[in-house]
Structure formats: structure tokens, C-alpha cells
Amino acid sequence: RPLKDISCDDIMIFMDLPALQKAQGTAARTLSLLNPAFKYAEIWGYRPNGSNPCHGVSKKATNTMERFLTDEERGRLETILLNKNLHKRRSPYGISAILMLLYTGCRRSEITTLKWEDIHLKDKYLYFKDSKTGTKTVPLNPKAISTLENVERKSDNPYVFCGKYPGTHIQEIRKAWEAVRKLADLEDVRLHDLRHSFASFALKQGVDLYTVSKLLELYGTSVPQGLQSKFFERDSQQRKDFPYEVSSESLLLRGESQFYLGKLLRLEGRYYEAQQTLKTSAQSYTQAGFPWLSAKSWIELGEIAMEQSMWGEAEKCFLNARHKADNPEILAQALALLGNLALYTYRFSNAQHYLEKSLKLSESSPNSLAYALGTLGMGDLLFSKGDQEKAVVKYQQALKAFKQREDIFGECITRLKLGEAYRMSDFVEEAEQEFEKALKLSNSLQSSYLKGIAYLGLADVYRITSQSTTSLDYYDSALKYLEKSSTLRETGRALRGQASLFHALGDYEKAAKTLEKAIEIYTAPHSQDRKSYFISSNSHPLSS
């Protein structure tokens, strides 16, 4: 039938088809797709204005069943899933995949297609490059980590949960689930209900609804409607005093959840939300009776402040971390970051003092984060003194430590610094290689800040090698990402590099306008470093 002849009656007859009557959720989604289709048909002239046949056709209730596991049901399910005899009768990959659904709240497709390269056990998270909602990061709890550690890894297969054929992932876990739920006497529970139950148990353990909703938002959705009300209805008697009476263990769990959520928000460049979440995690740790754990949160807060060129705020956070830390590793981290901050603000003697103390605490653990940060900072100190050769050695040591820790963020930053050291030493090819590697890492991290710095380094390299057109394009890309992340220091540097190139090309008007923008950047609030940058001869050829 022609599009212009379809009427409201036709839509209603279509919606009454037996197939759609049996699947009312599908019917509702179908109507949601048809409605805008006819709307655009009007806009594009295929139908008269105001003739949308979907108007007046009501969506039927989807009757979606929400099922949440009780404590006893979850315990029963875990006992069966962890039974070794079951692994012999059923695919161990299918059983382990179901455990991961229970422990992470991920979607079925995300777990069945999970690759080893997506897993970062040391930092306790999964990183999905291509989930249903795009890239995303999922924190791992101890049970999820234990499950992954027990999965047999095949050298010729990139997937965690292997399929029947070489190099493939498991295709279907429904049969395994049907057998498991029958043994557990949970035949009314669907696989998707494990996702709902994940949120329910997080709430029950004392994690606040805000944190749970944010975690599920990172998984690509909000908390299912009715989750909070159903949860409180079912457990109102046991939780009538919530949230005022929460156990120390629950507060500790809440603090851990908020801490890892804050880290994820930071990676996404959502700094304000990350700061609020990390401050709340510090409070939760303190209320739980573990004030020294809050040092981790203060370190993250300090690093966020540094990325925003808020040096005073960063120093307060790192000093707070130093004060609260009673663990040598965390204390060494705080000292290393104080040393790096002192370098950024040109207090070289303070920087050397902090970095030497940090390395003294961490020298026995060359693979620790504190050692990596301290060595990286010492490389910066040598670089600032003009000793690029020794700086390169320190950067390479730091790079080795970050790579052994599988710390992509640290590796990316180190490669950026190594590239800059090579550039200043006129090793242009080596500099270009490091910046290119850093750019790839920044793409996987989805960090506007790191991506902007990588583009800036490459733009400087191409300017030096007289590739003017390419250099201008890269400066534009650098400014695009640096302005997103509100980094004044590097944005100003990119503008000055661009102005230098315009000047070399004889376009003095553009050079002057670009320098005026740089001056505005350096005179903006929180740009305490502007004076030092204008008088520093090492910063840029245009510093005079």
C-alpha cells in the first residue's frame, strides 16, 4: 500500500496481529519506531502535515517481569555454579560466563564476546571497546577476578569464553543456564534477571542508589524502573533504618564502589562528577574506620586538579593523601605526585626532595606504581635541568614499570614525555614513533586530555621537519581536544606553536591573533603558571 494511504486503522490492525499480542514489549518498540518514521514522511513531503497514523494508537503495557534473587537464592545459585562436577558435565566456559553475569551486571553479549585484551586484573576493571552503547569500563569485584583467574586460557583464541571452533567465542549459554536454574530450583529466573539482581545486591550491601545508578549508567542504562521500590518493598523490614545504620563492611564496599566509579568518570573526562564521587568515597572509607584508604581517593582528586591546572587544589589533595597514608606504597605515590607537582610549579629543590623520598620507599618494588611515578618524576626533573639523555633513561625505566603493571594510562603519559625528550634532543623519528604510540593508547582510553597532548607533540615534530600543512592540521586537532579537557597550559602551548608556524609562513596577522588567544589563556583564572611560561626559554621558541 502507498505510504500516503496508510491510516490509523491500518496501524491498529497491525498492532493487533497475534505475533505482536504475544510479545507486547516488541509491539511497544515497533510503535516507537513507526511514529517518528511517519513524522519524517510528513517533513519530507510524502504525507500531508498532521496525518501521522500512529497518533491515537496507545502503547500497551509491556508486562515486563522484574525478578530479583534473594540472599538464599543467590547463595544456592553460586553453590551450584561453583560445583566442579557441573563443570565436567557442562561447558566450563558457559558456567564461568554465567558467574561473570552474576558478579558484574554486564549484558550477556558483553560477557560472551569478552576478550583477554579487555581484562585489566591488576587495576580491577574490564574495558569494552565496542559494547552496545560504545566504549565503557566495568569495575571488577574479588569474586569476578577469581572467576577470570580460573578460566582456562587458549593461546590460539583471543576470547575468554571459547566456542566450539578455533578462534571463536561461545555462542549460546541458554542451555547451560536452563540446566543450572533447574538444579537451583530457580526456573522462573531469566539470565537478564542476574543483571537486575546485581544492582539489588549492591543496594543491599549499603552502596547508595546514586552510585548504583551511575554504575548501571556506565553499562548503558539507568537503574530499571521499579528496582528501588521493589527492593525496599521486599526488604523494608530488614532495612527500615537504612541509610542511617550501615555496617562497617557495607561502608567499605560503598567506598570501593565510589572510588572505582570516580576513576572511570575521570577517564571519560567528566571531572566534576568524578570529584564529587571521589570525595564521597573518601568519606565512606573514613566512616568505615579505614581513613588510610581515603588516601587513594585524595590522590585521584589531586591528579584531576593537576589535569585542570589547579595547582593549589592539587597540592592540598596530595598533602591530605600523605597525611592519611600509613601504607608505604600509597605514601610513596603521594610523595611522587607532590614531586611532580613541585616540578610543574618550578620548585625544583622541593621536587627533588619529594622524589628522592618516594624512590627510597619504593626502590625494593620496581614494578610498583609508586616506583613508576617516582622514576617518571625524576625523568621530568632531569629534563627540566636540560639533561635529556639521562631523562630518557628514567622515562624508559618508568615505561617498563607501567607496561609490566599493564597500566595503559601511565604508559601513555610516559610515552608522551619520552617523545618530548627525543624531540628536544633532535631525535625526530624516535619522537614521532612515541607520539604515535601515545595517540593509539589515548584513543583506547577515550581521554581528550591525552589525545590532545599526543596531537600537540606530533604537530611540533611536523613543524620542525617543515611539514607545515600536516603540522597545522595536528595543531587544530590538539586544540580541539585540549579545549574539551580545559587544560590551560597545553592549550596555550598549542596556540604558541601554531603562531610560530604562521610566523614562519609569513602570515604575521594570523600569528599575532593566535598569540593574543594564548595571552588570554595565560591570564585566565587558575592559570598560575602563566608568568613562568612567558619567561621560560625552554618552553617554546616563541616564549620571548
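Guide: Trp 44 has a relative accessible area of 60% and is therefore exposed, in a model that is predicted. Its partner is Tyr 40, and the two rings form a tilted aromatic pair, with 5.4 Å from centre to centre and 35° between the planes. Tyr 40 has a relative accessibility of 41%, so this residue counts as partly exposed.

A further pair joins Tyr 346 and Phe 348: the ring centres are 6.3 Å apart and the planes stand at 80°, which makes the pair edge-to-face, because planes over 60 degrees apart are classed in that way. Tyr 346 is partly exposed, at 28% relative accessible area, and Phe 348 is likewise partly exposed, at 33%.

The count of aromatic pairs comes to 8. Ring pairs also link a cluster made up of Tyr 455, Tyr 462, Tyr 474 and Tyr 481. Helix H23 covers residues 448-464. This helix has 17 residues and reaches 24 Å from its first C-alpha to its last, close to the expected 24 Å at 1.5 Å a residue. Of the 17 residues of H23, 15 are buried, so the helix is largely enclosed by the rest of the structure. After H23 comes Ser 466, with a positive phi near 65°.

One aromatic ring also has a charge placed over it: the charged end of Lys 296 sits over the ring of Phe 259, at 4.6 Å from the ring centre.

Technical notes:
Residues are numbered from 1 along each chain as its sequence is written. This is a predicted model: local features need pLDDT of at least 70, side-chain atom pairs count only at pLDDT 80 or more; totals for chains, interfaces and linings use all residues. Side-chain values use heavy atoms; hydrogens and water are left out. Rings of Phe, Tyr and Trp (its six-membered ring) pair if their centres lie within 6.5 Å; planes under 30 degrees apart count as stacked, over 60 as edge-to-face and the rest as tilted. Buried means under 20% relative accessible area, exposed over 50%, partly exposed in between (1.4 Å probe, protein chains only). A charge sits over a ring if NZ of Lys or CZ of Arg is within 6 Å of the ring centre and within 35 degrees of the ring normal. Helices (H or I, at least four residues) and strands (E, at least two) are DSSP runs, numbered from the N terminus. The expected span of a helix is 1.5 Å times one less than its number of residues.
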